[in-house]
Amino acid sequence: MLALSPLEATLVESSFLGGVTPDYSDYILFGTFQWARVVSLTAFWPPDSALHRWFEDLLNAFDEMGRAQPPRSALG
């Protein structure tokens, strides 16, 4: 989690990297984490972190399109 500390600190102060609404920086980073979510069994941050809240918000965006591909952990 140490490598993600600057990101966590930013998301404690702001809902998204782009401010009050997501922008390109949010979507490009989300895509990287989405890939990791789909192929890995490892959780990358604690559920009470700002990064977790940010990721969940983006999974829920666009009628939950981010949730269309289930995480590997859900596939058994």
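Trp54 is buried, because its relative accessible area is 0%, and buried here means under 20%, exposed over 50% and partly exposed in between, with a 1.4 Å probe and protein chains only. Trp54 lies in helix H3; helices are DSSP runs of H or I with at least four residues, numbered from the N terminus. This is a predicted model, where local features need pLDDT of at least 70, side-chain atom pairs count only at pLDDT 80 or more, and totals for chains, interfaces and linings use all residues. Residues are numbered from 1 along each chain as its sequence is written, and side-chain values use heavy atoms, leaving out hydrogens and water.

What does Trp54 touch, not counting residues up to four places away in sequence? Its partners are Leu11, Ser15, Phe16, Leu17, Asp26, Leu29, Phe30 and Phe33, with contact meaning heavy atoms within 4.5 Å. Phe33, with neighbours within four places left aside, is in contact with residues including Leu4, Leu7, Trp45 and Trp54.

Now the core. The largest nonpolar core has 13 residues, and Trp54 and Phe33 are among those with the most contacts inside it. Such a core is a set of buried Ala, Val, Leu, Ile, Met, Phe, Trp, Tyr and Cys residues joined through side-chain atoms within 4.5 Å. Helix H1 (5-13), helix H2 (24-39) and H3 each supply at least two of its residues, and H3 gives the most, with 6. The buried residues of H3 pack against H1 and H2.

Last, the surface. Met65 sits in the segment after helix H3 (50-64) and counts as exposed because its relative accessibility is 57%.
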